[in-house]
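Colleague: Could you take a close look at the aromatic ring pairs in this one and talk me through them?

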Amino acid sequence: MEANEVAIDYSTADAFGRNLAQFIKVYFAIIDTVMKTKGSKSSGKEEVANYLVRYRGFTRIHLAGLSKTKADTANNSSAEVTELTFKSAKKILEYITPRWRTNYVTTDVASPIDLYLLWKRPFVLVVGIDAPTGIRYRRYCAKLEASVEQQLSLEQFVDIDDSVMYTCESPPTGVRNVDNLSLGMAAAILTDNGEDPSAAAAAEVALRAESEPQPLLSPIIPNTSDAHELNLKRVLSSANVSIANTFPTREDLYQYLDRIDLTNGERIRPSWDTYFMLLSELASHRANCMKRKVGCILVKDNQIIATGYNGTPKGITNCNEGGCPRCNDGTPCGVSLDHCLCIHAEENALLEAGRGRVRNAEGVVLYCNTCPCLGCAKKIVQVGVKVVVYSKGYGMDKLTLKLFKEANIVVRQHTPPTLSMEIGSP
């Protein structure tokens, strides 16, 4: 544990920012959310952190100057609470990196810059916690009933909250310290060695360029500046897990955290089923069918042998550009399928792989983000696939599953703990 001798002066407004929590798995960070938890004032980040400490064996991490722990961890009075304090997010990172198999949680990382510093580690999970403004304000007022602290009006509360949410930080820069003496020595060395004076001058220019401030964060969004991205609003929208804490009691919140299996290891590193299901979800975003987005992955020995998504055949006008009259007319599910020009995702994947690559390969698994229709199921049986994994249901699941059962095909429904791959999201 590192002693805290440096007090960090954070503005009062920081306390009102949306809650982010960091679980450093070393697991979580909370943005008034968990694990690194972060979030809005009175949204519940401390309760989530207390849950992780009390029921999941996490250790609290604090930043110097933000140690609210003695009061905020009072709910953990039934057990001795272990807490660590550091003077900066960098020091936290240095400490947790070699201890990544231990579970830690912090709610103190208020700066988006510091958060991204932690987030680059694959064992850090960021949880965003929020709640409706009215609920948060009532919680805030309830906390102050027995306090001498001056209560903010609702308008003041909202103004501070908005300021914290949307105020952007300046991106960090790093500077290589190259003094005039170093520049002169470099030029003299080149000249003494018989180099052209122009080469010495060029070397001096290069050294000066290296001494200029350089951005330490690459743009998150192309063609925008870091300064426009480093705010709590963007961080919340990018959190690994988002929680809307509208629960009336602490017990209700804790039951919800149990139900969603917040500390599920797949949130840090997905299993094979989750990995390929997310890839099938990604493939579905290439679909051009107007009816739904479906993606399919064929896998052998945990290696992809083919992918597919639904849409019109090659060389035919895309469905979403009017290529399939049936889909564009809004025909109900299961009606006039013989007039549909779209090829299903499973069909495309099977056609890409070819019958030989599937039938002659034991252990081929078909992953699809939607349960195959009966037509695709017949083709899956015919080519010899023996395992099918799907996530979402479809209109004819019973018929499909009956056929698969008769064909001795193993079927699993697998929905990842979070299908948080929102393509194109902030």
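Modeller: Among contacts (heavy atoms within 4.5 Å) in the protein chain between residues at least 6 apart in sequence, 66% join residues at least 24 apart. Bear in mind that this is a predicted model, where local features need pLDDT of at least 70, side-chain atom pairs count only at pLDDT 80 or more, and totals for chains, interfaces and linings use all residues. Residues are numbered from 1 along each chain as its sequence is written, and side-chain values use heavy atoms, with hydrogens and water left out.

Now the rings. Phe, Tyr and Trp (its six-membered ring) pair if their centres lie within 6.5 Å; planes under 30 degrees apart are stacked, over 60 edge-to-face, the rest tilted. That rule gives 14 aromatic pairs. One of them is Tyr137 with Phe157, edge-to-face at 5.4 Å centre to centre and 75° between the planes. This pair links distant parts of the chain, 20 residues apart: Tyr137 sits in helix H5 (residues 133-144) and Phe157 in helix H6 (residues 154-166). Helices here are DSSP runs of H or I, at least four residues, and strands are E runs of at least two, numbered from the N terminus.

Both partners are buried, meaning under 20% relative accessible area with a 1.4 Å probe, protein chains only (exposed is over 50%, partly exposed in between). Tyr137 counts as buried because its relative accessibility is 14%, and Phe157 because its value is 0%. For context, 43% of the 426 residues of the protein chain count as buried.

Elsewhere, ring pairs join Trp272, Tyr275, Phe276 and Tyr367 into a cluster.
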